[in-house]
Amino acid sequence: MSMAPRSPAKRRRPWPYPLRRVCQALPLVVVIAITNFFWLRLAPGDLADVIAGEAGAATPEFMAELRRQFGTDQPLALQFVAYLKRLVHLDLGWSFRYNESVLHLILDRLPATALLLVSALLLALLIGCAAGTLAAVSRWRAVDIAVSVLATLGFATPLFWLGLMLMVLFSAHLHWLPSGGMATLGVDTHGWARVRDIAAHMAMPVFCLAAYYLAIYARLMRASVLEIVGHDFVRTARAKGASRFRTVVSHVVPNALLPIVTMTALQFGTLFSGSVAIETVFSWPGLGQLSLDAVSSRDLNLLLGILFVSSLLVLAVNLITDLVYGWFDPRIEVQR
Amino acid sequence: MPTRREFLVKSSAFAGASLLASLPAGAQTVNGASVLVANTLPEPAGLAAGSTPANPTNVVSSNLFDGLITYDENFRPVPQLARSWTESADRRAITFKLRDDVKWHDGTPFTSADVQYSIMEVSKKVHPIARPTFAQIVAVDTPDPHTAVFRLAQPSPVIWAYLDTSSAFIFPKHLYAGTDPLTNPYNAKPVGTGAFVFKEWNRGNYIRLVKNPDYWDKGKPRVDELIFRIIPDASARSVALQNGTVQYAPLTPVSLIEARRLEQNPNLIVDSKGWRSNAPMFFMDFNLRQKRFQDVRVRRAIAHAINTKQLAQAVFYGFATPATGPVPSYQKNFYTADTPQYPYDPARAEALLDEAGLHRDASGVRLRFNHLNHTYGEDYQRAGMFIQQQLKRIGVEVTLVNYDLPTYLRKVFTEHDFDTMSAFYAAFADPQIGVIRRYWSKNIIAGAAWSNGSGYTSAEMDTVIETIQSEQDPQRRTDAIHQLQVIAQRDLPSINLGELKFFRIYAKRLENVNTTPIGVYASLDDVAFGAASAT
Amino acid sequence: MSRPVQFPPSRSLRPLLAVLRVAGKAPSLAAGTLMLLAIVAIALGARHLTAYDPMDMVGSPFIWPGTDAGFPLGTDMMGRDILSGIAWGARVSLEIGVAAGLLAAAAGALIGAVAGFYGGFVDEVLMRVTEFFQTMPALLFTIVMVVVVRPSVATIVLSVALTNWPQVARLVRAEALRVSRAEYVQAARVIGMSRPRIVVTHVLPNVMTPAIVMISILAGNAILTEAVLSFLGLGDPNVITWGSMIGSGREALQTAWYMTAIPGCAVLVTVLALNLLGNGLNDLANPRRRGAQRGVL
């Protein structure tokens, strides 16, 4: 990685940029872990209440026994210390509701959510950037207007409602797509058939999740391209005889992508949030559904684990995009 | 070149079409083995009903574990692990003769030691409902490996209503003794005595059971495999039932509206009979610790203002009947219709409130209180809204509060921080197991969920309840139960709003589905696929 | 061929044409404002437009829209009038949107201004706090907050504001950094004005623009969030909102999908109006050269 020349007076610590960023992020992780713990304890009612409720009756002894098991009868400080100790060993605790380790549960559901998120992001990026570029460079005003209108609509549509409406159309009426879940029940598929099955189940949720970000990327790309197009080097390229297509693809787009990179980082947190609603609508077996379950059953260990992991993920994505950005644009280092 | 999106859309449409073609009209055989696909929801916490008592567990557990007895259509005991039984003359000893040809799924023989361990070490110690129900059992003697004798301090007829596998659960002592039954790993991979053997539990997906080749009841089970699918989405469950992917769904698998629609489906049966031993009842409690609710006229007025017929129709879509008291009308041996009633009469309601001194103020409101909705789903929230609207008409302003389950339980049973609440609960097969919990002053236990929430205390009622618990003569006991209903309706600490009809949905061509009152908790060992009907 | 004679427009049409000309220059702003005005009108006039209490069970259930003159938009599964629900729901949605938007904008502007102006340690700390709030997945955070406290309009407004102020803070901070270097601010420092006073009298008024522009976008976000929460059953049970209508219609989706479609459209139109308004304001605040650049390519 090239280091741009820096004035010796400004820089005192010549640590490499990535390391600095990681160190900046660490205290945040700790703060998140701590705040999570205390603030979730604010919720009245605990897991013992839930289990007792589901049993249809409970004696105080039964509940005391449950609480002893969960460790929730200990004083708060002790619980917190235990929690920190586990965290250091990367042990996220035990979910008494599911009778499984929290880490295991999360890792189990993570791929499903990741599949959804990554597909939606890719879809939104590809189509959004293509549409945005098209809107910016097209000679027909109509294209620009059409893209803008669609983008604005995509921005305003409640995703979960879009999902419900699509379900009515494609599932209940046309029977083209399955209405929920990740794979068809009762049929054990392998290989290519399994891919097709999952793809069919993924179609609507991914589209809904992508719709919002598609709109954002389209606008952003359009604005970015319009900005780049005004620069000298574009005019130079055209003057040197490069075709319009080539200019756009090899000169304009790569430069216009920088803000997109930043936006992706910023939006990752919201992407995860969006998946909560979408997973509920389409019964997608991912982290979003798991967290709703954890909230309603007061499975604190599980909820803390999910919040912690998702915060880590967001931080990681932020970090990576910062580094990518820094690699793209060396001026950043000096500015910081 | 198609964009990725076009590619996805095309391939998904294609995939959709090919799926439709290959969708089996109710897969009943897979590689020659007959497979029954059922559904449980939500995902159970464990598979042994004795350690994690809850509906989703119970429906699976009965296939893995047999009980001492099971019940017939008239709720009379039928032999299962116990071949026969006798009661001593003073009714203080019940002798069960156990089968000698039963083995646990790991080959260990089943003996009376398992019964002793299960009743004395688990049921009486940690099971929330068994504990009070078995209060009179002081010991379980095991004179020989195939005889178990329950020794009672006092005769206790209620025990006879609580002896099936979901109630008096029998654990394998050799795997549970010395461990904590609540966290024993065998709760997730059970070793039982039942018709099916546990094979695998793919979390979030399915639970797979296979036929027990050494089952004592020859000829059963009649299918080779039993799979419980876990399907969180209601519309997916509905689709699965309609296209035969799931053939048996015991736990109210779809919304009430959807159930009404599926009733029209010629291939499906929507059945409520199997829930009768659970006996779900919907009621509204007043917090009697508040002075304003201590005037019985206020409570009666509110009862007059709620149209229970409309509640049953508009909110529960006919999956309920108006209740006339705390005991459901289909429990013929215990029910009496001869109790004070409060028919829908808003004018009378207003008159009573005026009498009680609660007049309309400048904005037309007589009384304001909050109402904690029951948390188990949309239906109960709608019921809350219904109550709110009905009471608005007589000048009572109700504020609805939607807590989630843990907070709700805390607020009602620990902190008593509520004005009114509505809930459903299981009255169970004998009023002593369920109903008295709501009216007994000794059951006002802070921190215990589903105890006496209203705080109702009446010496008269307590006497009646204690009679029910101790009376030997069946006729006098039934009289006491009738008396309970009369007092409950007269004092009205709680308005009994409806007898709910939970339901199961299963394929019409399944044979021998258990429709006894414990149908929903019964094993599926007798079920087989009949001739496929014309679709 | 002679040029066609052009008659000047009559006097009464001139103001209208003037408005149209302005609108043509800023179509988003115009469209957004118009739509929003219409929605506000419906919300304010709910009492007169509709005959029924939206929560009251006044008709037979499951009436399809357009089939019964008494219930133009039909009834839901409990017999409640959907038109009343839409009109009265508009009120609640707008209230929530505006309240949350204002709160988030105010908090974000204040924090951003302070961070940008003070710089140094204060800036670091405030930026870490902002990052903390941005790292938590917003909806999860909101859900946990609503569950912990209690589902009600106030809780929703508060939690939406809490998750949305960081974006405002970032924007305002960038502006504040710029403004802090301006001469009049330096001058104020020199004459000894206290720093808090400078923030309030000089910095804030000059950095408000991005915050104000964002209010309408934030309001749109708030309405969307409320819809999701109500849909998930975490809304306030004592009011009918568009989100609660969508949620309760979910059970009957297979047959009576209009119960979900109609309130969803209402949300869409309102958030659209707010976004258009926001974009229009943004364009006003940051005019950009258009058209000129395309010619290069």
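The side chains of Asp76(C) and Arg80(C) form a salt bridge, with N and O 2.9 Å apart. Both residues are buried. The model is predicted. Over all chains, the structure holds 37 salt bridges.

One of the pairs in chain B joins Glu73(B) to Arg276(B), at 3.2 Å from N to O. This pair links distant parts of the chain, 203 residues apart. Glu73(B) sits in the loop between strand 3 and strand 4 (77-79) of chain B. Arg276(B) sits in the loop between strand 13 (268-271) and strand 14 of chain B. Glu73(B) counts as partly exposed because its relative accessibility is 39%. Arg276(B) is also partly exposed, with a relative accessible area of 22%.

A further salt bridge connects Glu225(B) and Arg208(B), whose closest N and O atoms are 3.1 Å apart. Glu225(B) belongs to strand 11 (residues 225-229) of chain B and Arg208(B) to strand 10 (residues 206-211) of chain B, so the pair ties together parts 17 residues apart in sequence. Glu225(B) has a relative accessible area of 15% and is therefore buried. Arg208(B) is at 22% relative accessibility, so this residue counts as partly exposed. The cut-off for a buried residue is under 20%.

Chain B also holds a salt-bridge network. Glu350(B), Asp354(B), Arg360(B) and Arg366(B) are joined into one network by salt bridges that share partners.

Strand 3 (residues 69-71) of chain B contains Thr70(B). Thr70(B) counts as buried because its relative accessibility is 18%.

Strand 14 (residues 280-286) of chain B is mostly covered, and seven of its seven residues are buried. Pro280(B), Phe282(B), Met284(B) and Phe286(B) point one way from this strand. Met281(B), Phe283(B) and Asp285(B) point the other way. Residues on both sides are buried.

Strand 14 of chain B has antiparallel pairings with two strands, described here in turn. With strand 18 (residues 420-426) of chain B, the pairing runs over seven bridges. Pro280(B) stands opposite Ala426(B) in strand 18 of chain B. With strand 19 (residues 494-500) of chain B, the pairing runs over five bridges. Here Asp285(B) stands opposite Ser494(B).

Strand 7 (residues 137-144) and strand 8 (residues 147-152) of chain B form another antiparallel pair, over five bridges. A hairpin of two residues joins strand 7 of chain B to strand 8 of chain B. Within this pair, Val140(B) stands opposite Phe150(B) in strand 8 of chain B.

In chain C, helix 5 (residues 120-135) has 16 residues. From its first C-alpha to its last, this helix reaches 22 Å. That span is close to the 22 Å expected at 1.5 Å a residue. The buried residues of helix 5 of chain C include Asp123(C), Leu126(C), Met127(C) and Thr130(C). Glu131(C), Phe132(C), Phe133(C) and Thr135(C) are buried in this helix as well. In an α-helix there are 3.6 residues a turn, so residues three or four places apart point the same way.

Chain C meets chain A through 45 residues of chain C and 63 residues of chain A. The two chains bury about 4600 Å² between them. Carbon and sulfur atoms account for 73% of that area. Across the interface of chain C and chain A, zero salt bridges are found.

The average pLDDT of chain A is 78, and 87% of the residues score at least 70. Among the elements of chain A, helix 5 (residues 102-137) has the highest mean pLDDT, 89. Helix 13 (residues 331-335) of chain A has the lowest, 48. Over residues 332-336 of chain A, pLDDT stays under 50. For these residues the model has twelve contacts beyond four places in sequence. Residues 1-11 of chain A also stay under 50. For residues 1-11 of chain A, the model has ten such contacts beyond four places in sequence.

Technical notes
Residues are numbered from 1 along each chain as its sequence is written. Chains are lettered from A and ligands numbered from 1 in the order in which they are written. This is a predicted model: local features need pLDDT of at least 70, side-chain atom pairs count only at pLDDT 80 or more; totals for chains, interfaces and linings use all residues. Side-chain values use heavy atoms; hydrogens and water are left out. Buried means under 20% relative accessible area, exposed over 50%, partly exposed in between (1.4 Å probe, protein chains only). Helices (H or I, at least four residues) and strands (E, at least two) are DSSP runs, numbered from the N terminus. Two strands pair if DSSP finds at least two bridges between them. The expected span of a helix is 1.5 Å times one less than its number of residues. pLDDT is the predictor's confidence in each residue, from 0 to 100. Contact means heavy atoms within 4.5 Å. Buried area is the accessible area (1.4 Å probe) that two parts lose on being put together, summed over both. A salt bridge is a side-chain nitrogen of Lys or Arg within 4 Å of a carboxyl oxygen of Asp or Glu.
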